[in-house]
Amino acid sequence: MSALQAIKRFRIRELRATALPSPALVKSAPKTKLYPSSASSSRNKVPVASIENPFIPKLNPKTGRWAPPKYSLRHQALLVKKARESGTLALLPPGPKISVVEIAAATGQAIVPGPSASEKSQVQNAASLWTRPIEWTGEVKEKKVLGAEIGNRLYAGKKRMFKGHKWQRIAEKREKRRALLMRSMPKRIKEFKQYYKRRRPHPLKPPRTAKNAKLPF
């Protein structure tokens with residue numbers, strides 16, 4: 001399946017639940033939401049479907065519980081990837097994997113309600129249902145991530161870039177201790193040899209037993 005076909009299937013799947021009237025029957029559909037009309041755009045009135053955002057959780061007003069989003073984060077990331085490949089990023093709703101700012105940058109417009117030039121051209125030229133504009137309902141809470149504005153989320157706000165292995169972290173301390181021990185190494189070797197020389201002056205003779213030695217049985 002190509003990237004464009006995946007976005008097309010997503011849009012058609014979400015639009016099936018909302019019955020949009022044909023452009024010829026727009027005037028007879030009072031419940032359909034329209035963009036603010038003006039003198040220049042009065043001829044291009046197009047019904048806008050109001051659909052719940054499937055990328056965000058939904059609150060059940062009866063039970064007070066939150067239902068998970070219709071699409072998992074993995075599925076959302078895959079759709080965003082395919083939308084970037086096909087150049088249809090503006091057709092996706094905002095969510096955890098794509099922000100409102102990215103969608104606005106993709107359409108080349110400011111974040112204000114109303115039809116854009118690209119949406120108008122799509123409405124005028126497209127004969128299929130999946131390219132019609134959609135109003136995604138629901139509040140998208142964007143989490144502020146350090147370093148997102150500079151493109152470095154992984155190491156933003158950290159004192160050091162890489163933690164490293166443990167032997168790398170303690171290498172400097174071990175080098176100092178090793179240098180300190182090597183500085184007095186001849187003296188320590190001499191003391192070590194004198195210790196055993198005092199204990200056993202004649203190594204070939206049987207070792208001396210202690211005064212209070214006890215048999216092991």
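Which pattern does the protein chain follow when read along the sequence? It goes α-β-β-β-α-α-α-β-α-α-α, with 7 helices and 4 strands in the chain. Helices here are DSSP runs of H or I with at least four residues, strands are runs of E with at least two, and both are numbered from the N terminus.

Some ground rules: this is a predicted model, where local features need pLDDT of at least 70, side-chain atom pairs count only at pLDDT 80 or more, and totals for chains, interfaces and linings use all residues. Residues are numbered from 1 along each chain as its sequence is written, and side-chain values use heavy atoms, with hydrogens and water left out.

**Whole chain.** Of the 217 residues, 22% count as buried. Buried means under 20% relative accessible area, exposed over 50%, and partly exposed in between (1.4 Å probe, protein chains only).

**Stop one: Lys 82.** Select residues 73-86 for helix H2, where Lys 82 sits. Lys 82 is buried yet has no salt bridge (a side-chain nitrogen of Lys or Arg within 4 Å of a carboxyl oxygen of Asp or Glu). The nearest side chain of opposite charge, Glu 85, is 7.3 Å away; Lys and Arg count as positive, Asp and Glu as negative, and His and the chain ends are not counted. Leaving aside neighbours within four places in sequence, Lys 82 contacts Ala 3, Ala 6 and Ile 7, contact meaning heavy atoms within 4.5 Å.

**Stop two: Ile 103.** Move to helix H3, residues 100-107, to find Ile 103. Ile 103 is buried, at 12% relative accessible area. Beyond its neighbours within four places in sequence, its contacts include Leu 89, Leu 92 and Pro 93.

**Stop three: Phe 192.** Select helix H7, residues 185-199, and pick out Phe 192. Is Phe 192 buried or exposed? Exposed, with a relative accessible area of 52%. Patches take residues with over 30% relative accessible area and no salt bridge, joining like charges within 9 Å and nonpolar side chains (Val, Leu, Ile, Met, Phe, Trp, Tyr) within 5 Å.

**Last stop: Lys 163.** Find Lys 163 in the loop between strand E4 (134-137) and helix H5 (166-169). Lys 163 is exposed, at 58%. Together with Arg 160, Lys 166 and Arg 169, Lys 163 forms a positive surface patch, each charge being placed at NZ of Lys, CZ of Arg, CG of Asp or CD of Glu.

Methods
Areas by Shrake-Rupley, 256 points an atom, 1.4 Å probe, with all protein chains shown as cover.
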